[in-house]
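Here is a short report for a first look at this structure. Please keep the sequence and the 3D view at hand while reading.

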Amino acid sequence: MHNVYGHCMSRATYEGIKKATGKRPFVITRACYAGTQKYSTVWTGDNRSVWLHLRVMVPQLCTLGLCGIGFAGTDIGGFMMDTTPELLTRWVEAACFSPLFRNHCNKGNRYQEPWRFGKETLEICKKFVKLRYAFIPYLYDLFFKGERDGLAVMRPMGLHYENDKKALRCNSQFMVGDSMIVAPVLDQGAEERMVYLPRGEWYDMNTGKKIRGGKSFVASAPIDVCPMYAKAGAIFPNYEEMNYVGEKPLDTLILKVFRGDGEYVHYEDNGEDFKYRDGEYNEYRFTISRDGAFTGELVRNGYGKKYKKFIIDFEGRQYTVKAKDKFEIQL
């Protein structure tokens, strides 16, 4: 009953806020039960500032996602005990694409704001916070799709590669959607790590290097690098740099594109209420072919606002396209 009590508290809070404001409630709970994902995000409880708890973050959050709780996170840096600059840095890198992204610590332990650990730690944490803000439209798309089909943002590799025995056993990497693999450094002092990529073509998102999958290899990962890989044909929507959501109009969409054959559907709504359930949202379909032909189309126009321009980031070059309901460009 302990967890059912937490579940009922979350449900009552959610329903009360929704009734009072008409907005989407943001509720966070530690104690939860089956079905709590309808009302609240969760975190994994009072962890510790130890490397073991960083390592366990990946299978914990992936398992929660498989259980239907797709909006979850950990206390970045650890809740109890005193974290270190290296541990905090690697935790920020590992959690950058986790659904809930929150640095949190216990009263009486060392404060964990990145600026308390020196310039290097601060700059690296800033780098990954900016990366997360850039990828907010991609994460938002995954949340929308998750409401529709139940798939979580953060997924074990075996979910998409169920016939790959190595992918099924890989608990130190995870997927963000079906086209990105993140392989964070989870061991103290490590500046490289073994990475496994399933069969197919992949691109190192840090260097742009093309890699043939179906094998393991050693990836270089100095303290300011988190190995990340995009599937050939992947398209990731990004926003322009901002310090907080709502700082500037969201009228420009940046599309990070990787060579290959791929398709991506991007979702857009007002981000605040439940009108999307009545059809007030837009959907855009983008495609890329191996020869560089790129197309974009507004396939559903149910929301009053539209983007004014698209910036296509492809192989080190950027192409600006004035937003139209349909366009085609050769990259």
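An open sheet is built from four strands, in the order β16-β17-β18-β21, with antiparallel pairing. The model described here is predicted. At the edges of the sheet stand β16 and β21, and each of them pairs on one side only. On average, neighbouring strands in this sheet are turned by 15 degrees against each other, direction ignored.

| Strand | Residues |
|---|---|
| β16, edge strand | 262-268 |
| β17, antiparallel to β16 | 282-288 |
| β21, edge strand | 326-330 |

Look next at the pair β16 and β17. Seven bridges join these two strands. Within the pair, H266 stands opposite Y284 of β17. A helix also belongs to this picture. Helix α5, residues 136-149, lies across β16 and β17. The helix runs at about 85 degrees to β16.

Now turn to a single residue elsewhere in the chain. T36 sits in a loop, with β1 (28-29) on one side and β2 (41-43) on the other. Is T36 buried or exposed? T36 counts as buried, because its relative accessibility is 1% and the cut-off for buried is under 20%.

What does T36 touch, leaving aside its neighbours within four places in sequence? The contacts are H7, S10, T29 and V42. With H7 there is also a polar contact: the side chains of T36 and H7 are joined at 2.8 Å.

Terms used
Residues are numbered from 1 along each chain as its sequence is written. This is a predicted model: local features need pLDDT of at least 70, side-chain atom pairs count only at pLDDT 80 or more; totals for chains, interfaces and linings use all residues. Side-chain values use heavy atoms; hydrogens and water are left out. Two strands pair if DSSP finds at least two bridges between them. Axes are lines fitted to C-alpha atoms, for helices over the stretch in contact, and angles run from 0 to 180 degrees between N-to-C directions. Contact means heavy atoms within 4.5 Å. Buried means under 20% relative accessible area, exposed over 50%, partly exposed in between (1.4 Å probe, protein chains only). A polar contact is a pair of N or O atoms within 3.5 Å; within protein, one must be able to donate a hydrogen and the other to accept it, and residues adjacent in sequence count only if both atoms are side-chain atoms.
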